[in-house]
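Reader: I have a structure to go through and I'm new to it. Can we take it step by step?

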2 protein chains.
Amino acid sequence: MGSGMKVGILGFGGLGQAAAVVLQGKQELTWVAVADRHGYAYDPQGLNLQQTIAAYQSSGSVGSLGVSSEQSIGDLVAAADGVEGFFLALPNLPNTFFVEVARVFLAAGWRGVLVDALKRTSAMELMFGLDRELADAGITYLTGCGATPGLLTAAAAIASQSFAEVHRVEITFGVGIANWQAYRATIREDIAHLAGYDVARAQGMTDAEVEALLEQTGGILTLERMEHADDVMLERLGICDRHQVTVGGVVDTRHAQKPLSTHMKLTGRTFEGKISSHTFTLGDETSMAANVCGPAFGYLKAGKRLYDRGIHGVLTAAEVMPLFVR
Amino acid sequence: MGSGMKVGILGFGGLGQAAAVVLQGKQELTWVAVADRHGYAYDPQGLNLQQTIAAYQSSGSVGSLGVSSEQSIGDLVAAADGVEGFFLALPNLPNTFFVEVARVFLAAGWRGVLVDALKRTSAMELMFGLDRELADAGITYLTGCGATPGLLTAAAAIASQSFAEVHRVEITFGVGIANWQAYRATIREDIAHLAGYDVARAQGMTDAEVEALLEQTGGILTLERMEHADDVMLERLGICDRHQVTVGGVVDTRHAQKPLSTHMKLTGRTFEGKISSHTFTLGDETSMAANVCGPAFGYLKAGKRLYDRGIHGVLTAAEVMPLFVR
């Protein structure tokens, strides 16, 4: 029932629901629209969090509260003409998914701000390919606006400023989740990074198969040299080459406590010839949801300011300063 | 002799000279203009670093290489019409100095990008008061673009994104300089923050008096709750109130090694009710010059992009993402 910028959330799994909870605390943003795979809900006065989650949990879709649809995003965009921006809290798989969703907005002639928290380099490169079309259509699309890429990539862009030359950017994350089944899609994306797995195999795994794998590893997933779009985001800005950026981490699927502190370490050479490193470290008590959804809405607010000034097309989280949302 | 954006430096003390050295390594920027208290030098093909420093050191002014003038900034602005942006590497005292310099540009009808690394809250508030005039004149003015405020304030703005509410921002710097006499103005600004001193008293001190004070403290200056504009920069963005921001540090005037690692710690509450802190820590081997001049030119590049898109007026380092300069 707020009077802020009207925003929607696409996807209502663990991330989308966390985003909806985050929005409850924001006076400047009003949550008015949501779509999942099988339907959408829209209320220009604001959606009710408890009702929407209850509808999703009881029927498997927010459509039971609003409208059931197998083209839920397109139907929502057509119905919800007052929405000024959307957070795309969607699965990263397949790689083409975000581009397909962007094409739905293009096809509808929609104008406004879109923000994603996609992870994979290849998915983001596809999105860069839509830059011209999105710019011409008057859409401001901010990509890579989660934690990594996102918060930590932005910190790397800030850190690079002290250096004449950047040699290495190392992003290492720790994630602790008490119950992996609340993040089924995310965990499968993580598994796809393991040796011997790929996107198709991970996506095809049943819950029982995921459970069996986690049983073998004691609930721990150790991920190295992941395909994370931090690399192309920094390369695109001339900060370093993509191969100088590495992303890895440890996911504990059985404890909410993080197995290590998530941090970004940027190493370079100053104009005086000194080799040194700046580091940005996230507090252990901050959850993945806080570190993804907070930035996503901070970039949405920044995106709105760009949109209002006529700046459209694809921009990344490393070249735009997110704005704090009250 | 570069083909990059033509930039000038105002002020040619320790900071201005370091900025000129930094520019030597930048293909994207060409150093074409400089002014000090008693003169200016301008060469649209690019100034020679060694010649300019030699002229300054032998005569006390770059005017001996170019033109001597007691209205050096105004005369330079009138003469150097090809300069697209200036870094104001000027003393912070008096508080009105940056505003007076901005008025020189306004009076000349100049258009382009100005970047300062001013420190004091009261000086920045005066600059905010020029927002409308600078916007109307077509000048993009980025303020607070050094290390603190600047690099560390931007890191705080990034860090705030994970939190529903920000409780505290603590910036603690360590500075080590082997020879304080290379930074006479900066050291006097630091002394003005000590108990029993103020701006007028510090500015009026002779070198011998500064030397005597440093003798008493073993060359160490410990500074607490300094008047640093990080506070109003974060307040202006709604991140927190100014009194929740503290800046302090330790300056060792006898050793190049830092007495402690410079860092920013932001503490807040996440949407899930957790209290936690993100930290951004600068590598000890990075000098004040690297951490001030690098960001200053990164913001100058970002400011040029804003300028070209018709975004003018006063913006701070906490609301614009600096762009890496090659």
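**Where the two chains meet**

Author: S12(A) and strand S12 (residues 275-281) of chain B pair in the antiparallel sense, over 3 bridges. Strands here are DSSP runs of E, at least two residues, and helices are runs of H or I, at least four residues, both numbered from the N terminus. Two strands pair if DSSP finds at least two bridges between them.

Reader: Which residue stands opposite B:Thr281?

Author: A:Thr279 does, with B:Thr281 lying in S12(B).

Reader: And where do the numbers come from?

Author: This is a predicted model, in which local features need pLDDT of at least 70, side-chain atom pairs count only at pLDDT 80 or more, and totals for chains, interfaces and linings use all residues. Residues are numbered from 1 along each chain as its sequence is written, chains are lettered from A and ligands numbered from 1 in the order written, and side-chain values use heavy atoms, with hydrogens and water left out.

Reader: How many residues does the contact take from chain A and chain B?

Author: 56 residues from chain A and 56 residues from chain B, contact being heavy atoms within 4.5 Å.

Reader: What area do chain A and chain B bury between them?

Author: About 4400 Å², 62% of it on carbon and sulfur atoms. That is the accessible area (1.4 Å probe) lost on putting the two parts together, summed over both. In chain A, the residues losing the most area to chain B are A:Gln161, A:Met321 and A:Phe324, together 19% of what that side buries.

Reader: How many salt bridges between chain A and chain B?

Author: The count is 2, each a side-chain nitrogen of Lys or Arg within 4 Å of a carboxyl oxygen of Asp or Glu. A:Glu319 forms one with B:Arg305, their closest N and O atoms 3.3 Å apart.
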